[in-house]
Each structure stands twice: as structure tokens, then as C-alpha cells.
Amino acid sequence: MNTDSEYEAVDAPLAQAVRLREEKTPRAHEELVSLAARHPHDAAIAYQTAWSHDSLGFEAQAVPYYERALNGRGLAAQYRHGAFLGLGSTLRVLGRYAEAREVLGRGLSEFAQDAALRTFLAMTLYNLGESREAVRTLLLVSAATSRDPQVQAYRPAIEYYADRLDETE
């Protein structure tokens, strides 16, 4: 467990590395990897390092950092949400669909109605051959989040038929 002085020693370099990443400075990735090596139990550093790997197209290398972030302590809710989303979508891209489903499901257990998590889950369900559940999930996300007046006018019907896709008269 980190002491306050350990956090102070890590916070400034982490903030600097994140700023460099946001500015798309190449050395940001190197600095995050170095910080992660020096502080292997720091969930915030692991999350930022995973994000850096992902943004550079190094999805497979991002996975252990995302896992470390989610298994660590003290990760702020917004970053925990991002770690679930990042890990789930990365696993899906890597073709690890069952793992992606499990991670996105865990994310939804903490962030129950999150539209982004549900959308990535729908893509994963499609990849798993569960087209009906994928469409159902997307219909419910669309009904809940669309600002289109026509979609909102038909929201009750969309929500009703999301569970009855094959129902006919």
C-alpha cells in the first residue's frame, strides 16, 4: 500500500506522462512504461500505461496493464469504467470474445446502464454468434440514448419489441 509521500512522488511524474500522451509526444509511452515498472501495484499508472499501449495499436501488450489496473486498489470510478471498456474492447479486437464478454459483464455490474459498455458488449455478442442478443442490446441502447424525436416517440415500442424480435401477429 502506498504512503502519502509515495503518492506525491508518483503523482507529478504520472501527470507529466499523461500530459505528454495527450499532446501525442512520443516519449510519453516510454515514461508510462517506466513508471509502471517502478510502481507495479499502482492502478492509476497501470491504467494510463494500458491506454498508451492501446492508442499506439499495441493491444496485446495493453491487456496485462488493464488487468493490473482493475485488480489494483484505489482506481477512481471514471478510470475503472475506462479500464473495463478498454480491456473489454481490446479483448474483442484480439478475438478473445468470451473473455471480452466476461470483462464487459463485470463492468456492467458496476456501471449498470452504461451505454458504451453495453454497445461493446453487443459487438462482442455478435462475434460470439449471439445476433439476437446483440440486436436486442443495441435496440435498448438506442432507445435509451437517442435524441432523435422519432426514436423517442417510438421508444416504448422499441423497448417492447427488443425482447420480441420474432413476434408476429
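**Exercise 1. Work out the overall build of the protein, starting from its surface.**

The accessible surface of the protein comes to about 9,800 Å², and 53% of that belongs to carbon and sulfur atoms. Accessible areas here come from the Shrake-Rupley method with a 1.4 Å probe, and for residues only the protein chains shown count as cover. A quick word on the source: this is a predicted model, where local features need pLDDT of at least 70, side-chain atom pairs count only at pLDDT 80 or more, and totals for chains, interfaces and linings use all residues. Residues are numbered from 1 along each chain as its sequence is written, and side-chain values use heavy atoms, with hydrogens and water left out.

Next, the elements: the protein has 10 helices and 0 strands. (Helices, H or I, of at least four residues and strands, E, of at least two are DSSP runs, numbered from the N terminus.) Along its principal axes, the C-alpha trace spans about 65 × 30 × 30 Å.

Then burial: of the 169 residues, 36% count as buried. Buried means under 20% relative accessible area, exposed means over 50%, and partly exposed is in between (1.4 Å probe, protein chains only).

Last, contacts, meaning heavy atoms within 4.5 Å. Among those between residues at least 6 apart in sequence, 42% join residues at least 24 apart.

**Exercise 2. Find which residues touch the most other members of the largest nonpolar core.**

Start with the term: a nonpolar core is a set of buried Ala, Val, Leu, Ile, Met, Phe, Trp, Tyr and Cys residues joined through side-chain atoms within 4.5 Å. The largest one holds 32 residues, and Tyr66, Leu87 and Leu117 touch the most other members. At least two residues each come from H1 (4-22), H2 (27-38), H3 (43-55), H4 (59-71), H5 (77-93), H6 (97-110) and H7 (115-127). H4 gives the most, with 6 residues.

Now zoom in on Tyr66. Not counting residues up to four places away in sequence, Tyr66 touches Tyr47, Ala50, Trp51, Asp54, Gly82, Ala83, Gly86, Leu87 and Thr90.

**Exercise 3. Describe how H4 and H5 pack.**

Geometry first: the two helices pack at an angle of about 145 degrees, with their axes 9 Å apart. Axes are lines fitted to C-alpha atoms, for helices over the stretch in contact, and angles run from 0 to 180 degrees between N-to-C directions.

Then the residues: H4 brings Glu59, Val63, Tyr66, Glu67 and Leu70, while the H5 side includes Arg80, Phe84, Leu87 and Val93.

Finally, sort them: the contact residues divide into 8 nonpolar, 3 polar and 3 charged. For this count, Ala, Val, Leu, Ile, Met, Phe, Trp, Tyr, Cys and Pro are nonpolar, Asp, Glu, Lys and Arg are charged, and the others, Gly among them, are polar.

**Exercise 4. Classify Ala17, Thr49 and Thr119 as buried, partly exposed or exposed.**

Ala17 sits in H1. Ala17 counts as buried because its relative accessible area is 0%. Beyond its neighbours within four places in sequence, Ala17 is in contact with Ala28, Glu31, Leu32 and Leu35. The C-alpha atoms of Ala17 and Glu31 are 6.1 Å apart.

Thr49, in H3, is also buried, at 0% relative accessibility. Leaving out residues up to four places away in sequence, Thr49 touches Leu32, Val33, Ala36 and Tyr65.

Thr119 lies in H7. With 25% relative accessibility, Thr119 is partly exposed. Not counting residues up to four places away in sequence, Thr119 touches Leu138 and Val141.
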